[in-house]
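Reader: Hello, and thanks for sitting down with me! Please walk me through this model one question at a time.

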Amino acid sequence: MQQTATLSKWGSSQGIRLSKEIVDLTNLKIGDEVSITADENQIIIKKTIKRVSLQELFEGYNDKYQPEEIAWGTSGKEF
């Protein structure tokens, strides 16, 4: 998708507003972190993928997991 935008003054900085279509397409949300790469001809904005630590993955885990057997049904004819 390609759109045009206008550079605007935003406080003592400049800003470009992203359309709802671009935000929806890229699954961006308010507060998401992005990385910005620029050279003399282009600006590339990429959503930063948050790295989750092993400790964060197991946050709230209460060590009460009990494995259970799953009934997968009857097997078919095997050759």
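Reader: In which segment is the place of A71?

Author: Helices here are DSSP runs of H or I with at least four residues, strands are runs of E with at least two, and both are numbered from the N terminus. This is a predicted model, in which local features need pLDDT of at least 70 and side-chain atom pairs count only at pLDDT 80 or more, while totals for chains, interfaces and linings use all residues. Residues are numbered from 1 along each chain as its sequence is written, and side-chain values use heavy atoms, with hydrogens and water left out. The place of A71 is in the segment after α2.

Reader: Is A71 buried or exposed?

Author: The scale is relative accessible area with a 1.4 Å probe and protein chains only: buried is under 20%, exposed is over 50%, and partly exposed is in between. A71 has a relative accessible area of 78%, so A71 is exposed.

Reader: How many Å separate the C-alpha atoms of A71 and I30?

Author: Along the chain, A71 and I30 are 41 residues apart.

Reader: What pattern does the protein follow along the sequence?

Author: Its secondary structure comes to 2 helices and 4 strands. Read along the sequence, these give the pattern β-β-α-β-β-α.

Reader: Why is the protein more spread out than a compact globule?

Author: The radius of gyration is taken over C-alpha atoms, and the globule rule is 2.2 Å times the number of residues to the power 0.38. For 79 residues the rule gives 12 Å, and the protein is well over that, so it is more spread out than a compact globule. Along the principal axes, the C-alpha trace spans about 65 × 40 × 25 Å. The value that settles your question is the radius of gyration, 24 Å.

Reader: What percentage of the residues count as buried?

Author: The count runs over the 79 residues of the protein. The share that counts as buried is 3%.

Reader: Which residue in β4 does T37 stand opposite?

Author: Two strands pair if DSSP finds at least two bridges between them. Strand β3 (residues 34-38) and strand β4 (residues 43-47) have 5 bridges and pair in the antiparallel sense. In β4, I36 stands opposite I45, and T37 stands opposite I44.

Reader: Is N41 buried or exposed?

Author: A hairpin joins β3 to β4 through 4 residues, and N41 has its place in the loop between these two strands. The C-alpha atoms of N41 and S53, 12 residues apart along the chain, are separated by 37 Å. Because its relative accessibility is 71%, N41 counts as exposed.

Reader: Which element gives the most to the lining of the largest pocket?

Author: On a 1 Å grid over the protein atoms alone, a pocket is an open set of points where a 1.4 Å probe fits, with protein on both sides within 12 Å along at least five of seven lines, and lining residues have an atom within 4 Å of a point. The largest pocket holds about 970 Å³ of space, a volume filled by probe spheres set on the points, which are joined across faces, edges and corners. Of its 29 lining residues, I16, L18, I22, L28 and I45 are the closest to the centre. Two or more lining residues come from each of β2 (13-15), α1 (20-26), β3 and β4, and the element that gives the most, with 5 residues, is β4.

Reader: Where is N27, the residue with a positive phi that is not a glycine?

Author: Phi of N27 is about 60°. N27 counts as partly exposed because its relative accessibility is 45%. Its place is in the loop between α1 and β3.

Reader: Which residues form the aromatic pair?

Author: Rings of Phe, Tyr and Trp (its six-membered ring) pair if their centres lie within 6.5 Å, with planes under 30 degrees apart counting as stacked, over 60 as edge-to-face and the rest as tilted. The structure holds 1 aromatic pair. With 5.9 Å centre to centre and 80° between the planes, this edge-to-face pair is formed by F58 and Y61.
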